[in-house]
Amino acid sequence: MFFNIIEKIVRVTKALTEPRIATKDVTKDTMHHSPIFRGMHEIKYDICTGCEACAKICPVDAIVMEPLPIKRPKALPEVNLGICIFCGLCEDVCPTKPEKAIKLSGGTFEMITGGTDEDIKNYWVKPEVPQEWIEQKKKEEEEKARKKAEMLAKKKAEAEAKKKAEAEAKAKADAEAKEAESEKKPEAGEGDAQ
Ligand code: SF4
Ligand code: SF4
């Protein structure tokens with residue numbers, strides 16, 4: 001009994017005082033994951049429509065829609081992994097086909113942080129959107145708006161021309177009818193005199 005206590009004291013003292021060398025760097029080495037482990041989100045900014053379905057269905061409000069300076073998508077989802085429960089509903093509800101714009105499986109599987117409050121607070125999946133892509137989308141939208149305005153102006157001009165032609169045709173028909181009427185009247189007068 002006495003020796004047991006002494007042995008424990010020695011073991012604990014040794015454990016507390018001896019420097020211990022880590023045998024595995026979990027931030028670098030791949031960890032074992034269950035086959036159904038879904039992993040970190042992967043967000044495809046170039047196929048997302050900004051419909052917000054993922055943000056609306058998220059049961060823990062882990063998704064916020066970050067606005068973009070373009071019309072489509074007008075915003076992209078960003079996921080707070082600090083509160084996500086990895087249910088996968090966001091991936092299930094995403095309507096893009098054939099590929100989902102947000103998915104868990106297929107993304108990054110290593111999600112280790114330093115573990116401080118600050119790390120957890122900043123533990124987000126944010127799509128990295130290149131500025132060139134935004135500029136290209138802006139140009140495409142401007143071109144589309146220009147073509148639409150041109151088409152509307154053309155349609156309006158055509159409608160006005162048609163209206164004008166119809167009005168002219170009617171005026172001409174009225175004038176002809178009036179002329180025919182005035183030609184008939186003297187003949188009627190001549191008949192009365194006889
Ligand atoms: S996996 Fe579930 S909890 Fe996590 S962001 Fe998607 S819907 Fe929300
Ligand atoms: S990721 Fe999918 S569900 Fe979410 S906004 Fe984009 S298209 Fe909609």
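Let me begin with a definition: a salt bridge is a side-chain nitrogen of Lys or Arg within 4 Å of a carboxyl oxygen of Asp or Glu. Glu91 forms such a bridge with Arg38, with 3.8 Å between the closest N and O atoms. Glu91 lies in helix α3 and Arg38 in the loop between α1 and β1 (42-43), so the pair ties together parts that are 53 residues apart in sequence. Helices (H or I, at least four residues) and strands (E, at least two) are DSSP runs, numbered from the N terminus. Across the whole structure, the search finds 10 salt bridges.

A word on the source. This is a predicted model, in which local features need pLDDT of at least 70 and side-chain atom pairs count only at pLDDT 80 or more, while totals for chains, interfaces and linings use all residues. Residues are numbered from 1 along each chain as its sequence is written, chains are lettered from A and ligands numbered from 1 in the order in which they are written, and side-chain values use heavy atoms, with hydrogens and water left out.

I turn to the ligands. A residue counts as near a ligand if one of its heavy atoms lies within 4 Å of it. Around ligand 1 there are 14 residues, the closest being Cys58, Cys84, Cys87, Gly88 and Cys90. That shell divides into 12 nonpolar, two polar and no charged residues. In this scheme Ala, Val, Leu, Ile, Met, Phe, Trp, Tyr, Cys and Pro count as nonpolar, Asp, Glu, Lys and Arg as charged, and the others, Gly among them, as polar.

Next, the backbone. Most residues other than glycine have a negative phi, and most peptide bonds are trans. Asp61, however, has a positive phi, near 55 degrees, and lies in the loop between α2 (53-57) and β2. A cis peptide bond joins Arg72 and Pro73, with omega about 0 degrees; Pro73 is found in the loop between β2 (63-67) and β3 (75-80). Another cis peptide bond, also with omega about 0 degrees, joins Lys97 and Pro98. Pro98 is found in the loop between α3 (89-93) and β4 (102-103).

Finally, which helix holds Val10? Val10 lies in helix α1, residues 2-17.
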